[in-house]
There are 2 protein chains.
Amino acid sequence: VGEQLAALWSARSIAIVGASTRDGTIGRRPVEFLRRYGYRGRILPVHPHATEMLGLPCYPRVTDAPGPVDLAMILVPAAAVPAAVEDCVAAGVPVAIVCSSGFAETGAEGAAAQRDLVARARAGGMRLLGPNTIGVLSIPNAMVASFSPLFAGGDTVLVAGPLGFVTQSGALGFGATSLAYERGLGLNWVVSTGNEADASALEVLAALAELPECSGLLGYLEAVTDLPALQRLAATGTPVAVLRAGLSPAGARAAASHTGTLTTADRVVSAVLRRYGVVEVSDVDALLDVGEAFGSAYRPGGPRVGVLTTSGGSGILAADAMGPAGLQLATLAPSTVDILRSVVPPYGAVANPVDVTASVISQPAMFQRCLDAVAGDPGVDIVIACTGVLTAASADYIVSNLDGAARRTGKPVLLARTGALHLAPTANAALRAVGIPVLPSPGRAVRAAAALWRVHRPRPAAPEPAGTPVPAPRDGAGEPELKALLAGAGIPVPRGELVGTAGEAEAVVGALGRAVLKAAVPGLLHKTEAGAVALGVTAATAAAQYRRLAALGGAVYAEEQVGGGVEMLVGIGTGPLGTVVTLGAGGVLAEVLDDVAILPAPVSPDEVRDQLAGLRVARLLAGVRGLPPADTAALVDLVVHIGQLVAGWPPGFELDLNPVTVLPAGQGVRVLDAAYTRGG
Amino acid sequence: VGEQLAALWSARSIAIVGASTRDGTIGRRPVEFLRRYGYRGRILPVHPHATEMLGLPCYPRVTDAPGPVDLAMILVPAAAVPAAVEDCVAAGVPVAIVCSSGFAETGAEGAAAQRDLVARARAGGMRLLGPNTIGVLSIPNAMVASFSPLFAGGDTVLVAGPLGFVTQSGALGFGATSLAYERGLGLNWVVSTGNEADASALEVLAALAELPECSGLLGYLEAVTDLPALQRLAATGTPVAVLRAGLSPAGARAAASHTGTLTTADRVVSAVLRRYGVVEVSDVDALLDVGEAFGSAYRPGGPRVGVLTTSGGSGILAADAMGPAGLQLATLAPSTVDILRSVVPPYGAVANPVDVTASVISQPAMFQRCLDAVAGDPGVDIVIACTGVLTAASADYIVSNLDGAARRTGKPVLLARTGALHLAPTANAALRAVGIPVLPSPGRAVRAAAALWRVHRPRPAAPEPAGTPVPAPRDGAGEPELKALLAGAGIPVPRGELVGTAGEAEAVVGALGRAVLKAAVPGLLHKTEAGAVALGVTAATAAAQYRRLAALGGAVYAEEQVGGGVEMLVGIGTGPLGTVVTLGAGGVLAEVLDDVAILPAPVSPDEVRDQLAGLRVARLLAGVRGLPPADTAALVDLVVHIGQLVAGWPPGFELDLNPVTVLPAGQGVRVLDAAYTRGG
C-alpha cells in the first residue's frame, strides 16, 4: 500500500494541473516553488493554451506530458476536478494531490462530488491526496508541491531532519512546520491530507514509517478511523506523536465543518492510540517538543529520571512535572549521593533533583563528575539537566559533558534550557547534532522525556486466550438469557431461575434465601427506575412481589441477592476502531465519577490491572474505612475473559454488564445485570 | 511598607559590599553591570583596601561612603554578612540585598544565622532582600544590581515594558527574564527574593503594584504564606499571575531544600489566590504568555470568545482549549452570521469558530469586514484571531485590522500566530505597540485570554453577614456538645439527647422512632470503624445497644435516624492564609472522589454555588437515577453560615461536619456528625 503513496515524496516528475501564468495565484505558486527550491525532478505544468511558463514547456493535458508522470497536483476549480482526475488516470499517474476546495467541507453536495472523485480514481487504480489540501513538501528531493505562503517568504529556510509530519489541516500544519524550522527542528517530509477522501493521515504516516531514513513521525489529526493503517504504522516500530483536535464538543463540530469528517469518541481513540504506542499531545509546542525528543540518540530503559540542575527552581518545576507526565523521580544510590556530597556546596542539594548550584557550573570538571554520577546510577533511566541562562562561555563544555554522559551510559540525556537562545546561539544545534534533545523549560523537558519513554516502553505482550468464544446472543436477548449465556461461558452470575407462578416464586425464593425478583420485560433497560426490581424478597413476600412484577408484562426471574461488594461496570462493543472494553465504577457512582478505563480487545491481565489502578474507584476496591479489599483478581479475570468471549460476534453490538459486584478477596465477582443491544 | 522596599528599584545610590577587583568573580559583576548598562545613580564599591575599581572610588566600609546610601548589595561570605548588615544599618541604608548563600537553605545552623540577620536588620529599621538572592534589575534607572550571567552576554538586550517580575528562584527567574526579552516582552523590574528571610515575594509584588507605571505583575513562588501582603497586592487592582512550584510532594521536598521554606497546602493557596484575583499557571511559557495578555489595551467584559481564523485547524484547537481554560465559544447573532455568509467562501465556516479561509486573508477589505462583524457582535467579549504562516506582505494590514477592530469595539483582540517569526519579523512588535497580544498557538492564545478575563472579572462582593458568631467550643468538646452548639446557632442537627441508662435509651428511642445510638468516647474520631455507632435502633433493641455502647466508655447519645440524603462534608479551619471552608462529598465518597472545593472565609452564597457546581458530587445533588434533587440551597446556607459562626474563634482549630446529609429539596440539611480539634 505504502509503495504507491511513496510518490508523494519520491516523485521524479510532477504535473501541475491548473498551473497559472499569473503571478501571485495559487496555480502559479507550486511551479514557482518547485523551481525556487531546486526540485530534483521534471516539472510538467499543464495549461490549456500556454506553451511556456518560467522557462518550462507547458502541456494542454496531463496525457500530453512526457511520461512517466509520478505525481500530479490538481489546482483547478472544483467543477473541473473530475475531468482532471480522469486525465491523470489516463496518463497512468499513481497519485494525485487534489488541492481544490469545494468538496465535503461545503455540505452534502460537495460530499457527493468527493465520493465521485474517489470512485473515478479507484476505478483507475490511482490514489488521491485531499481534496482541500495545500500540498506536500519533501526535502530530500527538494520537492515543494504546495502553495503554502510558507514557501513564499524571501528568507524561508527548510531544515532537513529525519522526521515526517502529516497534517490534516494544511494552514495550521505548514504554520507549525515553520515553527519547527525556526527552532531548528528538521522535518524532511510534510504532507497535508485535507479532506482525506482517499488517503488518510494514518495511511500516509504508515507509508512514511516504512522509509528507512525516517526516525520519527508527528501528526495533526482531526479524525482517527483507519484502524488497519494504525496497525501497519505501529508494526514499523517508528516513534509517533499526534496532536489531536476536535476533542471538545465545540471542537468536534468545527472539525466536521472543516474537513467534513466526523470524529470518533475521544476516549476510544486515545485508548487505541495508547495501545499502539502512539503519544498524544494537546498543543503545537508540545508536538514539536516530542519531535525534539525523537532526536535523542538513546532510548530510555525505564521511567526513572535523575534531574541535575544549576537552579533550584528548575529542579522543583521538573519534580512537579514528573508524576503528571507519567515519569518518576529516581531514588539515587547512596554511593551516588556520596559522590555528589563531595562536590556540591552545602547550599545545593544532593538528593534528586540534584542542585549543583551555579557555582559548580563554572567548574566543568565538577559539573561532569556530578553528571556522570547521576547518569551512571543504576536507578536512573533518563537524565534531565536544567540550566537557567546558558552563556556562550559555558555552552561548549555543557554540550560535551552531556554528550559524554549519554555516550558512557547509553541513557537519554535531555537539557531544559530556560534561557534566551541568542546568549549561546549555537548550543542547541550542537546538542541536536549529538542527539541531546533541548527544551525551553523543565516542565517541557519532562513531558518530552515522558513521550520518549512512552514510544519506546515495551508494548504489552499479546494476551493469552482466556476462555472460549461463544455464539452471539440472539437480537433482543433479555437478562435471563444473557446470564445463562455468560454462566455457560464460565462467567459467574448469581444463582437464579425463571419463575412462572406465585407458588413457584415462593418455592424458589425459599430455596435461595434472601432473593431479588426482576421483571424481564423486552426493551426495558432501566429496570430499577421502572420499579421492575424487588430487593430483599423472602419466601413470605415472594408471592406478592411476583404478582406485582408479572403485571408489568414479561417473565419474572428470581435470583439470590448478592450484597457487600463494590459495584463496577464492564462494557464491550465494536466501532470503527475495533472491539473495546469499558471498565469503571458501576451503579450510582458511574454517573458521579465519569471515570472509566477503555481497553482495546483483546486485553491482557497486566493491562487491565494497570488501567484499573488509575481509576478513582480503585480506592474503593482496595478497601476504605475498614472494609476488606475486593477481589480485584476476579474482576481482572472477568474483563480478560469477556474480551475473548465476544471474539466471533458480528460487529455493531454492545454488551453491558452493570453492575458487576466485586466481593471481598477470595469470593469472586457476580454479574448482577446484563444488557445486549445491536446498533443500526 | 512599600515605600521602604521601593529603594530596590528607585535607589539613587548603591553600595556594593564585597565588590571585587578580580575579573569574573561574583563580587566584580554587579559593579561591572551597573557601569555597563549605565546606571543612573551613584555606584559605591566597598572593599577593605582597594581605592579604585573600574574608575570608581572605593570605600573600606559602607559607613565611609558618601551618603545617602539608598541600597546596599552584600556579596561577602556568609560568616561576614552579620557585620556587613550592621554596617549598613549604621550607614542608614533602608534596604540591603543579601546575595550571600549559606543560610536557611543549608540546614538548622544556617536557619539560625538567617534569623540573626533579620533580627539585626529589624533592630536597625532596615529591610532585607534574600539572603541567597542573585539580585535586582530595574530598567527605568538602568540598575543591574545582580550577578546573573544574563547580564554578562555581549548581546544581551534589556527590553523595557510596564511589567514587573518577582521570583523566589534567581537562576530560573533571570532565565525566564531572558526568554521574555527574547520574545520582546518588556519587564521593567525583576526582583529575585531568594530565601525571603524578611521581604517576601508577595510583599515585593505589593510594593511594585503601587508604582503607577506598573501595569501588570508576574511571579515565581515556592511559598505563599504572607496573607497581609497578598491583600495589599490585591487592593491595588494590578493584574497578577504567578507560576507556583513545589506543588507535588517531590517538588515540595525540593523547595524546602532550595530556599529553606515550607509550602502551604497546595489547594488552600490556590483557593486564596483565586479569591484575590491572582492567576496561577504551571510553566514558564504560560507565565510569559499571561504577561503578553497583560499588554492588552482593552479589558474583557465577559468570557465569551469569538474566534476568527484563516485555518480551520486553528479554529478547532481554539475551540478545544476554550472550556478547560474557563472561557466560552460565543454564539454569534444571526445578523453577524449573515454578514459572514456574504463574505466567507462556501468551504469556510460562518459559525464560531469562523473560518474565513486563506482566500479571504489575501483580501484586506473582506478580512476586515469579517473581523468587525465578529468583534462588533454583542455576544462577543473577546476576539481571538488565528493565522498560520504570517508573511511580511500581509502583516501590515493584519495589524491595522486587528487594531481597528479593538479600537472600534473596545474589546480585547488577541492573535494566535502559529508561524515562524522571521517570516514577518516586525509584526509582533507592531501588535504589542497597539496593545494586541500575540501568542504562538491557538491554545496558548485562549489560555492567555482566559487569564486576562480572570484578573479583570468582577470580584465577588463581600458577603453579607449570615448568622451570629458563637463562642468557640471548649477543647475536647464531643459530638453531643458540638451539636448543641450548632443547634443553638441555628444550624440543623437531628433531634437527640444523651441517655444515661438502658431504660432511658428505650424511652428516648421509643419517642424518636427509628434512631441512631452513638458512644461519645473522648478522643475517638472514627466512630463507625470502632463500632461506636448503632444504626436502625428501635425501642426493642435500644437497651441491648445501649449496654454495648456504654461498655466502650463515655456517654451514649440517641438521635433520630435521618436517611435518604446525599452525604457531604463541610470543614472549616485556620492556617497561615486565614480561615478556609472545605466542601465536598462526604462519607465513603470523600475517599473515592478526592473532590473538594476550598473557600476562604467569609464566603458568599454565589461563591459557594459556583464552587459546588464544579464538584463531581454536584451530579448526585442534582438527582441521578430518578432520585429527587437535593436541597442545595440549604447546603449553601449552611456553608455561608458556618463561615460566619467561627469568626471569633482563636486560630488553629478545625471543625469537621461529616457527614452533612442533604435531604430532598425543601427538606433541608442535617449535620449528622461533628468533630472539633485544635492544632498544637
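A residue is called buried here when its relative accessible area is under 20%, exposed when it is over 50%, and partly exposed in between (1.4 Å probe, protein chains only). The model is predicted, so local features need pLDDT of at least 70 and side-chain atom pairs count only at pLDDT 80 or more, whereas totals for chains, interfaces and linings use all residues. Residues are numbered from 1 along each chain as its sequence is written, chains are lettered from A and ligands numbered from 1 in the order in which they are written, and side-chain values use heavy atoms, with hydrogens and water left out.

**Stop 1**

Select Lys483(A), which counts as buried at 1% relative accessibility. Lys483(A) forms a salt bridge (a side-chain nitrogen of Lys or Arg within 4 Å of a carboxyl oxygen of Asp or Glu) with Glu479(A), and the closest N and O atoms are 2.7 Å apart. Glu479(A) is also buried, with a relative accessible area of 5%. Both residues belong to helix α19 (residues 479–488) of chain A, where they stand four residues apart, about one turn of the helix. Helices (H or I, at least four residues) and strands (E, at least two) are DSSP runs, numbered from the N terminus.

Next, select Glu479(B) and Lys483(B), which form a salt bridge with closest N and O atoms 2.7 Å apart. They are separated by about one helical turn because they lie four residues apart in helix α19 (residues 479–488) of chain B. Relative accessibility is 5% for Glu479(B) and 1% for Lys483(B).

**Stop 2: a pair between distant parts of chain B**

Select Arg127(B) and Asp198(B), whose side chains meet in a salt bridge (2.8 Å, N to O). This pair links distant parts of the chain, 71 residues apart: Arg127(B) is in strand β7 (residues 127–129) of chain B, and Asp198(B) is in the loop between β11 (189–192) and α7 (201–209) of chain B. Arg127(B) counts as buried at 12% relative accessibility, and Asp198(B) counts as buried at 10%.

In the loop between β11 and α7 of chain B, select Glu196(B) as well. Glu196(B) has a positive phi of about 55° although it is not a glycine. Most residues other than glycine have a negative phi, and most peptide bonds are trans.

**Stop 3: further backbone features**

Thr357(B), in helix α14 (residues 357–361) of chain B, has a positive phi of about 70° although it is not a glycine. Thr357(B) is buried, with a relative accessible area of 5%.

Move to chain A and select Gly67(A) and Pro68(A), which are joined by a cis peptide bond with omega about -5°. Pro68(A) lies in the loop between β4 (56–57) and β5 (71–74) of chain A. The peptide bond from Asn352(A) to Pro353(A) is likewise cis, with omega near 0°. The place of Pro353(A) is the loop between α13 (334–343) and β17 (354–355) of chain A.

**Stop 4: the interface**

Display both chains. In contact (heavy atoms within 4.5 Å) are 81 residues of chain B and 81 residues of chain A. The two chains bury about 6100 Å² between them, 61% of it on carbon and sulfur atoms; buried area is the accessible area (1.4 Å probe) that two parts lose on being put together, summed over both. In chain B, select Ile316(B), Val592(B) and Arg625(B), which lose the most area to chain A, together 11% of what that side buries.

The rule finds four salt bridges across this interface. To view a salt bridge between the chains, select Arg447(A) and Asp283(B), whose side chains meet at 2.9 Å, N to O. Elements giving two or more residues to the side of chain B that touches chain A include α9 (249–259), α12 (312–325) and α18 (442–456) of chain B. The most comes from α6(B), with eight residues.

**Stop 5: the rotation axis**

A rotation of 180° with 0.1 Å of shift along its axis superposes chain B on chain A (RMSD 0.1 Å). That is the relation of a two-fold axis. The superposition is by least squares on the C-alpha atoms of residues with pLDDT of at least 70 in both copies. Finally, select Leu593(B): of the residues of chain B, its C-alpha comes closest to the rotation axis, at 3.6 Å. The same surface serves both copies, as 100% of the contact residues of chain B recur in chain A.
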